[in-house]
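Here are my notes for a first reading. Please keep the structure open beside them.

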Amino acid sequence: MGAQWKAKHKDIAANAKGRIFTKLSKEIMQAARNGADPDMNARLRMVVEQAKKASMPRDTLERAIKKGAGLLGEAVHFERVTYEGFTPHRVAVIVECLTDNVNRTVSEMRVLFRKGQLGASGSVSWDFDHVGLIEGTPAAAGSDAELAAIEAGAQDFEATEEGALFITDPADLDLVCRALPAQGFNVDSAKLGYRPKNPVTLGAAELEEVEAFLAAIDAHDDVQEVYVGLAG
C-alpha cells in the first residue's frame, strides 16, 4: 500500500529507535493538546498504544503527554504540514511532517526533493485515498482476516507477513480498532494515512534509486510519515 519500501529496513539500530521515539513523542504531544486522558481522547489513545508497542519508556511517554497537555508549564506548538511531489522516476509521494518551524522544514524539504520534484498542494493527493490504516496480528492460529474485517466494520484488508492491514473510513478508525480484538486480531498500530489508487511497478535499478530517495526523507527529524505510490 505504498510503504513496502520500508520492509527491507526492519533491523532497527539504536539511532533508528531513537528517531522512532522522537516521532512518537511529537505525535503524543500534538494529540495531548486535546486532553491528557487517553480514555477521552481517541487520537491520543491510538498513539499511546503505538508507543507502547514500540517499547517507549514509560517516563518518556508520560512526559510527552504532560508536555503536550501543557501540564509542565512548557508551550509546545507543532504544526502539521503535508508536502506532495514525485520521487525520481515520477512516483507520487506524500510526506507528513510535524514542525515547530515551517520555514525551516520547507527549505529542507526542497533540498531533499532535488532528485525528484516538490509539487504544490493537491498535485498528487488526488491519486491517493485518505483512509484509516490498522496493522493487526492474529491473536490465535486460524484467525480469519476477511471475517474480522467484515465484523469489525473495516472497508477492506490486505494480507501482510505478520497478519493483516485493515483499511477503514477515516471516521471509523477508532471504532474498528476497538472491535478487532474481539474478532481475533491484536492492533499493532492505527493511523490516518494515504493509500495509492494507481501504484506503479519499477525495475530493480529504478526501485533502488527511489528507495534511497525515500529513506533520506524518512530520516528527517520533522517527517512523521511517508506515503508513496509503489506497488507491493
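In which strand is glycine 85 found?

1. **Glycine 85.** This residue is found in strand E1. Keep in mind throughout that the model is predicted. Glycine 85 has a relative accessibility of 0%. It therefore counts as buried, since the cut-off is under 20%.

2. **Around glycine 85.** Leaving out residues up to four places away in sequence, glycine 85 touches Val91, Ala92 and Val93, among others. The list also includes Phe113, Gln117, Leu118 and Gly119. Ser123 and Val124 are touched as well. Alanine 164 is another matter: its C-alpha atom is separated from that of glycine 85 by 28 Å. Along the chain, these two residues are 79 residues apart.

3. **The chain overall.** The protein chain has 7 helices and 8 strands. Its radius of gyration is 18 Å. A compact globule of 232 residues would have one near 17 Å, so the value agrees. Along the principal axes, the C-alpha atoms fill a box of roughly 50 × 45 × 35 Å.

4. **Burial and contacts.** Of the 232 residues, 43% count as buried. The chain exposes about 12100 Å², and carbon and sulfur atoms supply 50% of that area. Now take the contacts between residues at least 6 apart in sequence. Of these, 71% join residues at least 24 apart.

5. **Charges.** The chain carries 26 positive and 35 negative charges. Their mean positions are 6 Å apart. Side chains of opposite charge can pair when their charged atoms come close. Here the count comes to 14 salt bridges.

6. **Arginine 80 and glutamate 27.** Strand E1 returns here. Arginine 80 forms a salt bridge with glutamate 27, and their closest N and O atoms are 3.0 Å apart. The pair links distant parts of the chain: arginine 80 sits in strand E1 (residues 79–86), and glutamate 27 in helix H1 (residues 14–32). Arginine 80 is partly exposed, with a relative accessible area of 36%.

7. **Arginine 195 and aspartate 156.** This salt bridge has its closest N and O atoms 3.8 Å apart. Arginine 195 lies in strand E7 (residues 185–196), while aspartate 156 lies in strand E5 (residues 156–159). The pair therefore ties together parts that are 39 residues apart in sequence. Aspartate 156 counts as partly exposed, at 34% relative accessibility.

8. **A network.** Salt bridges that share partners join Lys26, Asp100, Arg104 and Asp222 into one network. One of its links is the salt bridge between aspartate 100 and arginine 104. There the closest N and O atoms are 3.3 Å apart. Aspartate 100 is exposed, with a relative accessible area of 54%. Arginine 104 counts as partly exposed, at 30%.

9. **Glycine 184.** This glycine lies in the loop between helix H6 (173–179) and E7. Is it buried or exposed? At 18% relative accessibility, glycine 184 counts as buried, because the cut-off is under 20%. Not counting residues up to four places away in sequence, it touches Thr137, Pro138, Ala139, Ala140 and Ser143. Phenylalanine 166 is 18 residues from glycine 184 in sequence. In space, the two are 13 Å apart, C-alpha to C-alpha.

Methods. Residues numbered from 1 in each chain as written. Predicted model: local features only at pLDDT ≥ 70, side-chain atom pairs only at ≥ 80, totals over all residues. Heavy atoms only, no water. Helix = DSSP H or I, 4+ residues; strand = E, 2+ residues; numbered from the N terminus. Rg over C-alpha atoms; globule rule 2.2 N^0.38 Å. Buried < 20%, exposed > 50% of the residue type's maximum accessible area, 1.4 Å probe, protein only. Contact = heavy atoms within 4.5 Å. Areas by Shrake-Rupley, 256 points an atom, 1.4 Å probe, with all protein chains shown as cover. Lys, Arg positive; Asp, Glu negative; His and termini not counted. Charge placed at Lys NZ, Arg CZ, Asp CG, Glu CD. Salt bridge = Lys/Arg side-chain N within 4 Å of Asp/Glu carboxyl O.
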